[in-house]
Amino acid sequence: MTPIDSTTVSDALRLESFETFARESIAQAPSWIRPLRTEQLERFVAQGLPHAKLEAWRQTNIDPLKQLALTPASTLPPAERSERLAVPEIESLDAVRLVFINGRFSEELSAIDRLPEGVTVMNLARAIEQGLPEVRKHLTQSSERDDVFAALNAAMVEDGAYIRVRRGVCSQRPIALYYLSDPGEQAVAAFPRNLIILEESSELTVVERYVGVAGSVYFNNAFTEIVQGRQANLEHYRLQEESDAAFHICGLDARLDRDAMLAAHTMLFGGQLVRNNIHPVLVGENCDCLINGLYVPTGRQHMDNHMRVEHVGTHGDSRQYYRGILADEATSVFSGRIVVAKGAQKTDAKQTNANLLLSERAHAHTQPQLEIYADDVKCTHGATVGRLEQQQLFYLLSRGIERITAEAVLIYAFAADTLERMRSDPMRELLKGELLKRLPGGDRVAGVL
Amino acid sequence: MPSSQETIDSLAQREYKYGFVTDIESESLPPGINEDVVRAISAKKGEPDWMTQWRLKALNHWLTMPEPHWPFLPYGYGPIDYQALSYYSAPKRDKLKSLDEVDPKLLETYEKLGIPLNEQMALAGVAVDAVFDSVSVATTFKKKLEEAGVIFCPISEAIREHPELVQKYLGSVVPYSDNYFATLNSAVFSDGSFVYVPKGVRCPMELSTYFRINAQNTGQFERTLIVAEEGSYVSYLEGCTAPMRDENQLHAAVVELVAMKDAHIKYSTIQNWYPGDEEGKGGIYNFVTKRGACRGDRSHISWTQLETGSAITWKYPSVILQGDHSKGEFYSVAVTNGRQQADTGTKMIHIGRDTSSTIVSKGISAGQGHNTYRGLVKINPGAENARNYTQCDSMLIGDRCGAHTFPYIDIKNPTAKVEHEASTSKIGEDQMFYCKQRGITEEDAVSLIVNGFCKKVLAELPMEFAVEANKLLSISLEGSVG
């Protein structure tokens with residue numbers, strides 16, 4: 001891990017001593033949100049920071065994060081733009097654009113225009129200020145009870161995106177959220193939170209993209225809360241390209257009503273310590289949920305993915321596909337659990353995790369888990385860990401293809417399934433490019449594939 | 001299916017077949033655990049000083065350990081008062097030379113269990129080292145084993161007569177400080193079996209021990225140690241039944257297996273302890289540490305188990321694959337019915353090159369039972385070309401039970417090939433229809449399908465156990481049609 005020296009910063013404080021700061025910050029918040037934030041803060045305090053003895057944190061050591069002297073983003077003067085970072089706009093996406101710098105909304109860089117009718121988009125700070133009824137109803141309501149970082153995020157909630165699509169509206173324009181981290185000399189801690197509400201029979205694509213100034217140390221504790229009404233259809237992308245020295249802990253929590261469809265795609269590239277919690281609850285019957293992800297740690301990066309797919313309604317269909325490509329001394333964790341509640345009959349749940357180890361020193365931990373309380377269900381899970389198939393490599397080599405090219409082709413093929421599950425063409429193309437850019441020899445095959 | 005509800009009810013009300021308490025005067029120590037109790041146990045066994053010291057070391061360590069509570073048990077269990085347990089209980093007579101001297105009541109107990117010692121031995125050629133509560137009362141076929149050079153005796157006897165072997169291997173696989181229950185066992189273990197198979201010897205018969213818990217409020221702390229020297233083979237069978245009682249009983253046994261170069265140990269278990277009544281009251285807590293070490297090249301250890309009893313089963317028979325080309329196997333059928341809970345599985349730790357392991361686990365949940373598979377496959381950095389195949393299937397019968405799968409896969413060598421597959425299903429309506437249409441009764445059809453589901457595991461059991469296993473399975477699941 002990168003050595004950290006930020007003890008000289010005066011306002012800096014450690015994660016364990018966030019309580020006092022949070023209480024002061026809550027006291028200045030609009031009155032309606034104070035009880036919610038206080039409740040979450042109490043949970044954060046009661047649970048305390050995770051340690052290796054906890055089952056859910058057995059393989060992930062957050063000591064480097066605990067030792068970090070953090071500067072809460074809200075104590076910094078608001079920045080309208082970043083000198084060192086440009087907005088990594090996804091050109092062909094033609095999306096509504098919200099830009100955040102160190103977790104706070106930048107009006108200047110954002111472009112909330114040409115909104116389809118029935119779609120409300122604003123930054124969450126404004127929505128909280130206005131005390132919108134939907135925000136009061138849903139904000140912090142879905143946070144997982146035993147996730148301490150979800151509680152911390154909710155206790156510190158200030159800004160992020162608020163999106164609401166009204167009944168029957170199918171938004172053709174995606175909404176893109178760009179989170180830029182430019183912390184300067186201090187290790188900034190930001191707690192962005194997104195609230196996405198899709199009412200009955202609505203449809204939307206949301207993209208979250210996180211980037212940071214290369215080499216800088218900061219902590220992003222991001223959380224996305226999704227509420228989907230009947231037949232609502234959401235395509236969600238999270239592309240994480242933080243600085244390699246950053247700490248990134250994110251959560252995605254979704255509640256699906258009857259016939260709703262959710263596709264949650266995640267690509268993890270950056271961060272020295274990454275924790276990705278995904279927790280959809282299929283409340284209504286006949287829901288459909290796709291959890292699709294790819295993590296590509298290199299160097300000494302550590303990426304920890306925790307999935308919990310909960311089936312409550314009957315006839316639910318969920319599929320989890322997570323793939324990891326590990327190089328150098330990278331480590332990864334996949335812990336996926338399918339929970340089928342009593343009475344969630346006719347559930348069809350599937351979970352797979354595959355890991356490709358490119359180096360002798362890369363480690364993958366995988367724990368695909370089932371927790372089932374209903375008897376008429378179909379649940380399967382599978383996990384694999386291995387290196388490049390030597391026979392396949394030999395096949396390509398024997399045909400005169402250079403080793404580096406051959407390897408790049410095979411690695412790309414391993415990841416291709418993940419990309420193909422993405423419905424948005426611009427996103428798929430973008431992610432393909434981002435992946436190839438990071439593969440040794442990727443530039444040689446970029447034109448061919 | 002109205003009839004299935006009836007059969008489920010009748011099953012739920014079925015009395016535990018082996019529930020009776022034999023009235024024999026036991027010589028018990030007062031409840032509680034402290035240095036004096038440990039010294040007293042050691043003295044009663046006539047143990048040498050090194051053994052007493054080892055026990056005390058374990059006791060002192062145990063006192064510093066917190067009790068673990070991590071297993072996945074939806075119904076939980078009440079706190080165990082370790083000071084209320086009596087740590088030693090022995091049938092009052094000692095120094096038995098032949099079966100005639102055995103308390104007739106004791107022999108009667110075995111009759112009821114269907115183990116007529118003398119007949120069964122002759123018929124099956126099985127040497128039975130019967131453990132009644134904590135002291136071995138009869139060891140037979142000793143002569144035949146002696147001729148082959150095999151040592152098969154109560155561990156207390158081994159401590160006295162083969163101290164060099166016991167001292168060398170006891171605690172070498174499960175150290176005294178291993179875990180809370182193993183440490184407790186190390187301090188207070190009463191008796192158990194010791195097997196030593198010398199170099200190149202193929203043990204001439206299947207070895208078996210019957211454990212039985214008797215005398216109320218007595219925890220059973222068995223200790224088994226099996227050592228197979230280079231090129232030897234031994235198959236060990238263990239089967240259990242326990243009488244009915246109201247208070248939960250703790251059973252914290254330790255089993256250690258040591259397989260040297262080219263040796264093969266096959267360890268089979270049938271566990272049918274009292275599971276508690278309909279509300280889950282009473283019943284045995286089965287918290288056992290079982291571990292085998294493949295110490296040499298090409299050594300081979302296989303665990304086969306059929307678990308139908310106990311209120312709570314919490315154990316992970318493991319294999320440490322140290323030698324190159326060594327092999328570990330785990331075949332398990334676990335049935336939970338009523339309000340039984342099981343958190344069980346295995347650990348395969350690959351250390352040597354070209355090691356391989358196979359895990360086949362079949363969990364059956366019926367009634368309100370909860371069955372959890374938890375297994376670890378660990379490939380260490382030096383374990384080149386390690387291979388693991390894991391299959392864990394669950395079957396749910398009824399809609400109030402649960403089946404859970406928590407595998408841990410930990411790979412530190414990229415040449416490893418690890419596969420994990422799991423599935424959860426119920427008895428298919430089409431399968432039932434097919435059978436019933438051909439005139440097979442509902443119960444027979446369930447039994448047929450369940451047997452098919454478990455076939456891969458049951459086939460691993462030695463012949464002597466396979467018959468009993470089939471019987472036990474169908475009794476356990478009578479009438480529980482989905």
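At roughly what angle do the axes of helix α2 and helix α6 of chain A cross? I will answer that in a moment, after two remarks on conventions.

This is a predicted model, in which local features need pLDDT of at least 70, side-chain atom pairs count only at pLDDT 80 or more, and totals for chains, interfaces and linings use all residues. Residues are numbered from 1 along each chain as its sequence is written, while chains are lettered from A and ligands numbered from 1 in the order in which they are written.

Now the helices. Helix α2 (residues 34-47) and helix α6 (residues 148-156) of chain A have axes that come within 8 Å and cross at roughly 145 degrees. Axes here are lines fitted to C-alpha atoms, for helices over the stretch in contact, with angles from 0 to 180 degrees between N-to-C directions. Helices (H or I, at least four residues) and strands (E, at least two) are DSSP runs, numbered from the N terminus. From α2(A), the contact includes Leu41(A) and Phe44(A), and from α6(A), Leu152(A) and Ala155(A). Contact means C-beta atoms, placed from the backbone, within 7 Å. The residues of this contact divide into seven nonpolar, two polar and two charged. Nonpolar covers Ala, Val, Leu, Ile, Met, Phe, Trp, Tyr, Cys and Pro; charged covers Asp, Glu, Lys and Arg; the others, Gly among them, are polar.

Next, the interface. 28 residues of chain A are in contact with 30 residues of chain B. On the side of chain A, β20(A) gives the most, with 10 residues. That side divides into 11 nonpolar, 10 polar and seven charged residues. β20(A) runs antiparallel to strand β23 (residues 402-411) of chain B, joined by six bridges; strands pair if DSSP finds at least two bridges between them. Thr366(A) has Ile409(B) as its bridge partner. For the complex, the predictor gives an ipTM of 0.70 and a pTM of 0.79.

Chain B has a mean pLDDT of 80, with 76% of its residues at 70 or more. pLDDT is the predictor's confidence in each residue, from 0 to 100. Over residues 132-138 of chain B it stays under 50, yet the model has 35 contacts there beyond four places in sequence.

Last, a backbone detail. Most residues other than glycine have a negative phi. His325(B), in the loop between β16 (318-321) and β17 (327-336) of chain B, has a positive phi near 60 degrees.

Note on methods
Two residues are in contact if their C-beta atoms, placed from the backbone, lie within 7 Å.
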